Structure formats: C-alpha cells, structure tokens
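Please look over the model below before reading on. The numbered points that follow are meant for someone meeting it for the first time.

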Amino acid sequence: MSTLEALEELKTRLAAIKVDLDNVQVEVRPPTIDDVAESAATAIRRVMNHGSSKSAYGEWFTKDSIRYNSDRAISHICQAMKQLDGNVPLMDAHGETGIDHLERALCRVAFLLEKIKGGKTQ
C-alpha cells in the first residue's frame with residue numbers, strides 16, 4: 001500500500017470514528033443540592049484555613065467593611081471570568097486560577113452574609 005493510499009484509509013477510519021463519537025450519548029446529571037452545598041462549604045473551609053497574607057484571622061468580620069468584602073468578591077469574580085474567557089493568563093502572578101478566584105469570591109460572599117446578619121462594621 002502506498003503512502004497516499006494509507007493516508008486515504010486513515011482519513012476514512014478517522015471519519016468513521018468521528019461518526020461513532022458523535023453518536024455517543026453521555027448522561028450528565030446536575031449536582032444535587034447537597035453536592036453544591038458541600039462543594040461550597042469545602043471551598044470556604046479551604047480558603048479560610050489557608051488564610052491571607054494581607055490580614056489577620058477574623059479581620060473580615062471585625063475590621064473589613066461590608067463594602068470592602070463585596071468589592072473583593074466582585075474583584076475575584078471579574079478576575080476569574082477574565083481567566084476563563086482567555087483575556088488574561090489562566091494563572092495569575094500569584095499562581096491563582098479562575099477556580100481559586102471563584103472560591104475566594106464565594107468566601108467573601110459568605111463573609112458578607114455573616115456580617116450583615118451580625119450587624120458589624122457597616
């Protein structure tokens with residue numbers, strides 16, 4: 001078999017594989033409420049246990065304002081979306097990915113909820 005014939009055969013086989021793959025049905029189920037809640041709780045624990053090089057433990061509640069926490073949540077969401085959209089590198093200068101930023105945003109939103117419920121530092 002010549003190289004050209006081999007390439008033609010390969011092309012035919014690849015086309016058949018593509019048709020087979022196009023016909024594969026993959027069942028995707030949305031996560032349950034418990035899956036989402038556990039994922040959020042795990043992310044918040046991870047972020048809080050890691051801590052911050054910028055502030056001491058608990059400053060989010062005792063010192064940072066509601067506005068500061070909301071601004072940080074928005075900033076993390078914007079950074080994550082820029083990374084996911086491909087407008088900036090997938091890893092920032094601090095080694096954080098879009099998922100890292102979304103976890104930090106989630107944590108800041110949880111901080112907001114607790115601050116608003118607790119009525120501290122408006």
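1. Which residues form the largest nonpolar core? This core has 5 residues, namely Ile-44, Val-47, Trp-60, Cys-107 and Phe-111, where a nonpolar core is a set of buried Ala, Val, Leu, Ile, Met, Phe, Trp, Tyr and Cys residues joined through side-chain atoms within 4.5 Å. Two or more of its residues come from each of helix 2 (33-50) and helix 5 (98-118), helices being DSSP runs of H or I with at least four residues, numbered from the N terminus.

2. The model is predicted, with local features needing pLDDT of at least 70 and side-chain atom pairs counting only at pLDDT 80 or more, while totals for chains, interfaces and linings use all residues. Residues are numbered from 1 along each chain as its sequence is written, and side-chain values use heavy atoms, leaving out hydrogens and water.

3. The mean pLDDT (the predictor's confidence in each residue, from 0 to 100) of the protein chain is 89, and 97% of its residues reach 70 or more. Confidence is lowest in helix 1, with a mean of 80, and highest in helix 4 (residues 66-85), at 96.

4. Phe-111, one of the core residues, touches Met-48, Trp-60 and Asn-69, leaving aside residues up to four places away in sequence; contact means heavy atoms within 4.5 Å.

5. Glu-96 lies in the loop between helix 4 and helix 5, and counts as buried because its relative accessibility is 15% (buried means under 20% relative accessible area, exposed over 50%, partly exposed in between, with a 1.4 Å probe and protein chains only). Among the residues that Glu-96 touches are Gln-83, His-101 and Arg-104.
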